[in-house]
Each structure stands twice: as structure tokens, then as C-alpha cells.
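Q: I would like to learn how to read a structure one feature at a time, with the general idea given before each case. Could we look at the model together?

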Amino acid sequence: MTTTTVPSPPARPDPYAGPRRRPAGNVAARIAGWSTRHRTTAILGWLLFVIAATALSAAVGTVNATDSEYGHGDSGRATELIAAAGFPDQAGEMVLIRGDSLEVDAPAFRDAITATVTAVEATGLTANVNADTVSADRHAALVTFDLTGPADTAADRVGPVRDAVADVQREHPDLLVAQTGDASIDESIVTILSGDMHRLSLLSIPVTLGILIVAFGALLAAVLPIGLALTAFAASLGLLAAASRLIPTVDTTMHLMLLMGLAVGVDYCLFYLRREREERARGADPEWALAIAAATSGRAVLISALTVIVATAGMFLTRDTAFNSLATGTILVVAIAALGSLTVLPAVLSKLGDRIDLGRVPGLYRRGSNGRGWSRFLGVVLRRPGLAAVLAATTLLALAVPALGMRTAEEDITSLKGSSPALATFLQVQTAFPGGGDPALITVRADDVTSAAVTGVIDDIKTRGLASGALHQPVKVEVNPDRTVAIVSAGLSGSGIDATSEQAVRTVRDDVIPAATAGVAGTEVLMTGRAADSVDYNDAMGRSAPLVFGFVLGLAFLLLLVSFRSLVVACTAIVLNLLSVAAAYGLLVLVFQHGFGEGPLGFESSGSITNWVPLFLFVILFGLSMDYHVFVLSRIREGHDRGWPTKLAVSRGIRSSAGVITSAALVMVAVFGLFTTGSLVSMKELGFGLAVAVLIDATIVRAVLLPSVMVLLGERNWYLPRWLGWLPSLSHGDPAVSQPVVTVRVPEPARP
């Protein structure tokens with residue numbers, strides 16, 4: 001008689017009964033176990049949390065960042081001086097009067113100027129009216145004035161003045177009489193962006209719902225991820241209001257939170273639901289299928305959320321007000337979406353059971369997928385992994401080449417010129433009075449700026465600046481009430497964001513100001529304005545970007561190393577994600593800096609990328625791409641832990657996760673793509689960059705480069721040096737992957 005060891009038929013254990021049944025170190029499985037045992041508490045607790053957080057937002061309100069909190073370098077210091085100097089808190093406006101066939105000395109032209117001054121003064125809403133500014137060609141004049149009352153509410157009071165100017169235009173049809181300025185432009189931008197965000201918010205939900213209906217083939221299963229994402233978004237807004245006491249909020253934060261909330265909230269639900277369905281299709285009952293989903297997809301959700309949070313936290317290193325606000329909002333919405341996925345989602349799925357498939361759509365519903373299409377595609381890739389890896393890497397590098405010539409600058413609001421009369425007029429002012437619509441501001445601080453020595457410095461700045469060609473008329477000087485700060489306002493060469501403007505800033509700072517202040521002690525002269533802000537912002541980001549990159553890459557590497565206990569997996573993940581981000585950068589430069597997408601995307605290239613977009617894209621894209629990477633690697637590691645050969649583990653891992661990745665990528669590409677229809681170029685850049693990066697990541701990287709590289713590396717994928725053996729060993733498989741082994745005695749055949 002011989003003794004043979006064979007695996008016994010697997011028995012279904014109780015997934016949460018006793019420590020031996022729980023995957024070691026699997027926090028997600030333990031949290032899900034508690035939630036399913038206390039379903040009512042988990043569901044009601046989540047709802048109460050969302051309601052309380054929403055009420056908190058209404059009760060305490062949100063603190064918004066002020067203009068003086070945005071600056072960097074000399075321009076930031078100058079803005080702070082102006083804010084603290086006690087200048088009248090008023091918004092500046094201007095009326096452009098232009099005649100192509102008339103000069104300003106013509107009687108009809110003079111009548112129009114006089115009528116404009118009379119009309120704006122008659123409203124009782126203006127002060128400091130001035131009509132002395134004339135263009136170099138003498139075919140245009142500016143009537144400048146301030147709106148009385150606080151500047152931050154001036155947009156609410158500009159209407160009557162604009163109506164009065166419109167009456168003057170009707171009386172002088174042979175001339176252009178049009179108003180623009182701070183309040184008019186702010187009103188236009190708020191109206192345009194509010195309309196954009198309202199439309200995008202309304203479109204993103206039905207678009208996402210449609211994709212999920214196709215992905216699941218059932219209405220309830222499609223609605224659940226959106227419900228989780230929206231409740232997470234609502235709760236995060238409440239916590240953002242509280243956090244704004246420490247980190248003031250910028251306007252775009254809430255829009256980004258909605259975008260990220262939909263993206264990650266839907267992703268995390270997809271991870272759970274698709275795995276639960278997969279196990280049900282294999283014959284598991286609802287309880288056991290959910291237990292496996294919690295131990296596998298739940299763990300992937302936890303690691304993915306931590307990676308996104310770690311990457312986003314890198315933005316705090318910039319010490320920039322906008323980045324601090326965006327980082328805070330993103331971390332809050334991602335953390336809350338992950339919390340909901342780990343707690344209330346298992347409870348809801350446990351409560352619903354198979355009723356999650358209510359509202360099945362004929363022709364779309366299927367519980368499992370055989371992945372034949374992906375099997376055939378992967379078969380082609382893995383037959384020649386070396387060739388596939390070379391082709392994919394070459395493609396990504398080729399797409400990344402244009403990024404080498406990336407140029408960044410402040411956003412050009414003239415890109416909105418066709419959207420409102422105020423913005424169109426602003427562009428005409430820029431043409432007639434170079435830099436006059438958005439002037440340079442040279443701030444002079446001294447004990448008494450009206451003293452002979454300081455007024456001499458101011459006169460010298462004007463003379464030298466105009467002679468250098470960096471500054472232009474109109475030039476005006478304004479002094480604060482206690483005579484300690486003076487502002488020299490002057491037109492600046494260039495568009496305000498181009499290379500000409502940047503050079504003009506450096507000329508004024510390096511040549512004009514030092515020469516004018518030589519030998520005059522106790523005087524501080526600083527330059528601000530849009531062009532100076534752009535120069536200082538780029539310099540600040542140039543200093544902080546290496547810190548952000550190092551922080552994000554380093555912590556992501558450590559997180560992957562601990563999660564997968566593999567030095568090679570952590571390194572390849574970092575490299576692949578950098579290739580994905582670089583390719584997205586290249587396409588961004590090609591489309592928006594070089595203008596190859598102007599027609600389809602509806603914009604005019606300014607020859608640069610909005611200065612905050614590249615660093616922000618890197619952080620968000622790295623986090624989101626790691627989201628997919630962790631999920632795919634978890635499925636591959638499951639197969640490896642079961643003893644499968646590397647090629648089989650890679651093939652089955654990618655094939656089994658392909659449906660989730662495809663559905664999640666479609667949702668992200670669709671939602672991000674909607675932002676390219678907005679009016680603001682920076683929103684177009686952000687939406688385009690995110691959409692193409694996710695598309696590249698879900699196709700070239702995940703479907704070609706990742707499997708081919710892992711197959712080429714073979715068992716070396718799981719290399720871990722001995723000196724790192726102390727790292728914790730975390731479970732990647734479901735609770736039932738191990739089969740008990742029994743010894744069976746088989747009778748020997750009788751000998752003849």
C-alpha cells in the first residue's frame with residue numbers, strides 16, 4: 001500500500017469566525033467583517049456622518065483665501081504691503097473710447113469723452129474719474145474711475161454704470177464706447193464659470209450613470225457607486241469648511257472635489273462590486289463572495305486611497321495657497337470615499353445580497369465575464385513580450401518629447417474674450433494701450449513717500465522705465481493715507497504672460513529699480529502685477545517641484561514596497577507611472593502650447609501652459625494611475641501566492657481585472673473629458689491632461705507595458721533583499737485560497 005498526498009475538496013469556512021479564518025494583516029477584511037455583522041449601525045452611522053458634516057458646512061461657513069495670500073517672492077511681498085497700507089478698497093474700471101477714422105481732438109470724439117465722464121459720475125457709484133489717457137496713435141482714449149464701496153462686492157454694483165456707458169454708446173454710434181475693468185471682468189468670469197460648473201456637474205452624473213449601466217447591466221448596481229461618491233463629496237465639503245480655518249479655500253477646490261469624488265468613489269465601488277460578482281459567478285453564496293471581495297478588492301481600495309493621499313500631500317511642500325487648498329480638498333474627498341467603501345458599502349451589499357442586480361437591462365446584464373477579448377490580446381502581447389515592451393516604451397517616450405519644451409505662465413484671461421463684452425473690451429484696451437488693461441504695479445515703501453528724495457525715486461522709475469521700453473503709458477501714482485506706500489501703475493510690454501512681459505519684469509527689477517534707488521536709503525521698491533506674479537510663481541515652483549517629486553515618488557515607493565514585499569515591483573511601478581505622466585505632459589504641450597487642438601477644443605493658444613497645471617497634474621495623475629496599478633498588481637500577486645507561474649499569474653490577473661479597469665477608465669475619461677468643454681483654458685488643460693493620462697494608463701501601460709515587463713522579469717518580480725525580510729507579510733488572496741492537505745492510503749495493485 002502506498003501513501004499519496006492530495007488536496008482535499010475545499011470547504012467554505014466562516015470568513016469572520018476566529019483569527020485563523022481572517023487573512024493576516026488584512027485590515028480591510030476586518031473592517032468589512034464588522035460592517036456586515038452590524039449592518040444597521042454601519043449604514044445609519046454613515047448617513048448621520050454625512051448629515052452632520054453637511055450641517056457643519058452650513059453652520060461655520062468656508063473661509064476663502066484673500067488676494068494677499070496667493071503671492072510668492074517680491075510680488076507676494078508687494079501685494080502684502082498694498083493690502084496692509086490702507087488704500088481705499090475699491091475696484092478700478094475703465095471705459096475705452098475708440099474711433100478708427102477719428103482722433104481724440106475731433107469734436108465728436110471730445111463730446112463722447114465728456115458724455116462718458118458725465119454718465120458715470122451721474123450714477124453716484126464712482127470716484128476718482130480721470131479722462132487724460134490717450135493712445136499713441138491718438139485714436140483711443142480711456143476714462144478711468146473707481147467704483148465706490150468694497151472691491152469684493154463691486155461686481156454686484158457695476159450694472160448701473162455699465163448701463164450708463166451703454167447709453168453713451170447708443171448716442172455715439174460712430175465710435176466704440178465700451179466698459180471693462182476689475183468688477184466687470186469678475187462679474188463675467190463668475191457668470192461664465194458658474195454656468196460651466198453647473199453644466200458639468202449636471203452632465204457628469206448622467207454620463208457616469210450611463211457608463212455604469214453598461215458596465216453592470218443593472219440599474220441598482222449602477223446607482224450605488226454614484227450614491228457613495230456624492231455622499232462622500234457632501235461630507236467632505238463640510239469637513240473642508242472646518243479645515244478652511246487653518247487652510248483657506250480657493251474657488252476651484254470644490255469643483256475639483258466633485259471631479260475626484262466621482263472618479264475615486266466610482267472606482268472603489270467598481271473594485272468591490274465586480275469582484276463580488278466574479279465570486280458569485282463561480283458559485284459562492286452572497287456572504288462568502290462579499291468576504292472575498294472585502295479581503296481582496298477592499299485591501300486594494302485601502303492601498304490605493306493611501307497612495308492617492310500620499311501623492312496629494314506632496315502639494316503642501318509648495319507652500320502655495322492654491323495648492324494647499326486643492327490638496328486639502330482632494331485628501332478629504334478621497335479619504336471619505338475610501339472610508340465609505342470599506343464600511344458602508346459592505347454593509348449595503350450584505351443587506352441587498354442578489355437584489356443588487358435589480359433593474360437588469362436585457363442584453364447588458366452578466367454576472368461574470370470570460371475575458372476572451374483580453375485573453376486574445378494578451379496572448380499577442382505575451383508571445384513576444386520583449387517586442388511589445390519596446391514598442392510601448394518607445395510610443396510613450398515619443399509622446400513625451402514635446403514636454404521638454406514646456407513653458408508655463410499665468411493664465412491668460414483674454415482666452416475668454418469671446419465670452420463677454422467686458423473681456424472683449426479688455427483685449428482691445430491691451431491693443432491700444434500695451435499693458436494698460438493689466439498694468440505693472442511698482443510698490444514704493446518709505447517713512448514718507450511724499451518726501452523729495454522718494455518722489456525723485458518715483459520720477460526716476462517712470463523715466464527710466466519708459467526709456468527702457470519695458471514700461472508704457474498710462475502711468476499713474478497713488479499714495480496711501482499715511483504716506484508710507486506709493487503705487488506706480490504703468491503699462492508693461494507684452495501680453496502679460498509671454499516672454500516679452502517676463503523680460504520686461506526682469507528689466508525693471510534688475511536695471512530700472514536698482515538705478516533709481518541708488519544712494520537713497522530707507523526705501524523699499526518691489527514690483528507686482530500679473531507678469532511679475534507669473535515670474536515669481538514659476539521661480540517658486542522651480543524650487544519646490546523637486547521636493548514634491550521626491551516626496552511623492554519616495555513615499556509611493558515605500559508604500560508599494562511594504563504592500564507587495566518586492567523591490568522590483570515597487571521600482572517598475574514608479575517607472576511605468578512616470579512614463580504615463582510624461583506622455584500626458586507631451587500631449588498637453590502639443591495641444592495647448594503649440595495649439596494643435598485649438599479648433600476642436602475651442603481655445604486660442606497663448607504659447608504656454610497655465611503655471612499651476614503641470615505640478616498639479618503630476619500629483620493627481622500619479623495617485624490615480626497608482627490606483628489602477630495597485631488593483632492589477634493585487635490580482636497578479638494573488639495568482640503568484642497560489643503558486644501559479646509568472647506568465648499565468650500575469651495573464652489571469654490582468655484578464656480578471658480588465659473589466660474593472662476598462663469601466664473605471666471610461667468613467668474617468670468621460671468625466672475629465674467634460675472639462676475640456678469649459679470656457680477657462682486651465683480647466684481645458686486639466687481635463688485634457690487627466691483624460692489622456694488615464695486613457696494611456698489603462699491601455700498602453702496596463703495592457704501592454706506592464707504584462708510584458710513582468711513576464712520578462714519572471715520570478716525576479718518578487719525579489720526582496722534579505723535585509724528587508726522584516727517587512728510585514730500582508731495577505732493578497734481571499735480567505736479560501738488555501739486548501740487543506742490530507743493523507744490518503746491507496747491499496748497497491750496485486751502482484752501476479
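A: Let us begin with pairing: two strands pair if DSSP finds at least two bridges between them. Helices (H or I, at least four residues) and strands (E, at least two) are themselves DSSP runs, numbered from the N terminus. This is a predicted model, in which local features need pLDDT of at least 70 and side-chain atom pairs count only at pLDDT 80 or more, while totals for chains, interfaces and linings use all residues. Residues are numbered from 1 along each chain as its sequence is written, and side-chain values use heavy atoms, with hydrogens and water left out.

Q: How many bridges join β3 to β4, and in which direction do these strands run?

A: Strand β3 is joined to β4 (residues 140-147) by 5 bridges, and the two run antiparallel. As one example, T133 has L142 in β4 as its bridge partner.

Q: In what order do the strands of the sheet lie?

A: The order is β3-β4-β2-β5, an open sheet of 4 strands with antiparallel pairing. Its edge strands, β3 (126-134) and β5 (176-181), each pair on one side only. From one strand to the next the twist averages 20°, where axes are lines fitted to C-alpha atoms, for helices over the stretch in contact, and angles run from 0 to 180 degrees between N-to-C directions.

Q: Which helices pack on the sheet?

A: Contact means heavy atoms within 4.5 Å. Helix α5 (residues 158-171) packs on the sheet and touches β2 (91-98), β3, β4 and β5, with its direction at about 165° to that of β5. Helix α14 (residues 421-432) also packs there, touching β2, β4 and β5, and its direction makes about 100° with that of β5.

Q: What span does α5 reach, and which of its residues are buried?

A: The expected span of a helix is 1.5 Å times one less than its number of residues. With 14 residues, α5 reaches 21 Å from its first C-alpha to its last, close to the expected 20 Å. As for burial, buried means under 20% relative accessible area, exposed over 50%, and partly exposed in between (1.4 Å probe, protein chains only). By that rule V158, G159, V161, A164, V165 and V168 are buried in α5, and the buried residues of this helix pack against β2, α4 (107-122), β3, β4, β5 and α6 (182-216).

Q: How many salt bridges does the structure hold?

A: A salt bridge is a side-chain nitrogen of Lys or Arg within 4 Å of a carboxyl oxygen of Asp or Glu, and the structure holds 17 of them. In one, the side chains of E524 and R445 meet at 2.9 Å, N to O. This pair links distant parts of the chain, since E524 belongs to strand β10 (residues 524-528) and R445 to strand β7 (residues 440-445), 79 residues apart.

Q: Where do R464 and D460 lie in relation to each other?

A: Both belong to helix α15 (residues 452-468), and because they are 4 residues apart, about one helical turn separates them. R464 is partly exposed at 37% relative accessible area, and D460 is partly exposed at 23%.

Q: Is E638 buried or exposed?

A: E638 counts as buried, at 5% relative accessibility, whereas R642 counts as partly exposed at 36%. The side chains of E638 and R642 meet in a salt bridge (3.8 Å, N to O), and a network of salt bridges links R275, E279, R635, E638 and R642.
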